[in-house]
Amino acid sequence: MTKVVKTERRIEREGNAAVERSGLAGNSSAGVNGSTVENGSSVENINPVENSSSVESISPVENNSPVGNTVSLTANRKYKDTVFRMLFSDKYRLLELYNAVSGRHYVNPDELQIVTLENAVYMGMKNDMAFLLDTGIYLYEHQSTINPNMPLRDLFYISSEYNGFVDMKSLYTSTAQKLPAPNFVVFYNDEEAMEDRCEYRLSGAFEPKVDNPALELRVTVLNVNYGRNPVLMEQCRTLADYAQYVALVRKYKAELGSLEAAVRQAVDECIRNDVLADFLRKNRARGQSERIIFFLTRNLCYAQISI
């Protein structure tokens, strides 16, 4: 790890700490797992799932009440994306997801290279997962709200990725620079109605409208709520389990009225029925399952969870 990367991490930690001190911790984003492009060519891979920074981003505050075993968690809808990132930071799961989305049949996860920008959150350009495979670069993003601004966000992000692949001096030579072809996919799971598949275009933001824009960027949006996109779900067990788990948390929250009770019941039921069972057991063993799954429920800004 270079000194530059360490400095960027220190700056990001200090920035997050400053946000928490200002009382705005609920609007901060979890650190992005991935890699940093160095010297325009070399890419360093990160061991994703085990080193996920999602728990660090939760920022628990000890409660001085007699209960003593309660933490106050400041939450934001963005944190639901963290669970998605934790699941698919694993190369095996990510390759499974890629094959389901693309219709391809890759079998070797080592062919996939994660290149998510490490300092993307600090730069204000959050992206859940960026990876190289074959001759393409793929940007995957989980969204818990409808966001037609994704093409513009992805334009900024892919520009930063390309900046890491190219020596700027080479742009002034007579040799054409080669770049991996970009692909942009959003996985949507809010409760607001949306078709199984749709597309956002950068040109949709142009004013006035242009028939043949000189610049275009297309983002495929897939509805991954439970019961939607059945063919996609059949081809990616992890994604299907994720959708089922989110649905259970929502269901029990509506029935029981208590987020804590809903989380615990959903966790128990999923483990019993082999839905994300290994993931949930592992995090429960670490004492983190309630914290992580807390962020799967939308429209909640503050809560207390006994753990």
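Ile114 stands opposite Phe131 in strand 6, a strand that covers residues 129-133. Strand 5 and strand 6 run antiparallel and are joined by 2 bridges; two strands count as paired if DSSP finds at least two bridges between them.

Before going further, a word on the source: this is a predicted model, in which local features need pLDDT of at least 70 and side-chain atom pairs count only at pLDDT 80 or more, while totals for chains, interfaces and linings use all residues. Residues are numbered from 1 along each chain as its sequence is written, and side-chain values use heavy atoms, with hydrogens and water left out.

Strand 10 is mostly covered, as 5 of its 6 residues are buried. Buried means under 20% relative accessible area, exposed means over 50%, and partly exposed is in between (1.4 Å probe, protein chains only).

The loop between helix 5 and strand 8 holds Val166, which is buried at a relative accessible area of 11%. Val166 and Gln177 are 11 residues apart in sequence, and their C-alpha atoms are 7.6 Å apart in space.

What about the inside? A nonpolar core is a set of buried Ala, Val, Leu, Ile, Met, Phe, Trp, Tyr and Cys residues joined through side-chain atoms within 4.5 Å. The largest one has 45 residues, and Phe131, Tyr140 and Leu239 touch the most other members. Helix 7 (residues 237-256) gives the most to this core, with 9 residues. Apart from it lies another core, of 23 residues, including Ile158, Tyr162, Phe165 and Leu217. Tyr140 has contacts (heavy atoms within 4.5 Å) with a whole list of residues, among them Leu94, Tyr98, Met129, Phe131 and Phe187, leaving aside residues up to four places away in sequence.

Two cysteines are worth a look. Cys198 is buried with a relative accessible area of 16%, and Cys236 is buried too, at 0%. A disulfide is a covalent bond between the sulfur atoms of two cysteines. With a disulfide taken as a pair of cysteine sulfur atoms within 2.5 Å, the count comes to 0.

Most residues other than glycine have a negative phi, and most peptide bonds are trans. The peptide bond from Glu207 to Pro208 is cis, with omega near 5 degrees, and Pro208 sits in the loop between strand 9 (197-201) and strand 10 (218-223). Asn229 is not a glycine, yet its phi is positive, near 45 degrees. Asn229 is in the loop between strand 10 and helix 6 (230-235), and is buried, at 12% relative accessible area. Asp274 has a positive phi as well, of about 60 degrees. Asp274 lies in the loop between helix 8 (259-272) and helix 9 (277-285) and is partly exposed, at 44%.

Finally, the chain as a whole. It has 10 helices and 11 strands, and 50% of its 307 residues count as buried. Among contacts between residues at least 6 apart in sequence, 64% join residues at least 24 apart. The chain exposes about 15,600 Å², of which carbon and sulfur atoms supply 49%; accessible areas come from the Shrake-Rupley method with a 1.4 Å probe, and for residues only the protein chains shown count as cover.

How values were computed. Helices (H or I, at least four residues) and strands (E, at least two) are DSSP runs, numbered from the N terminus.
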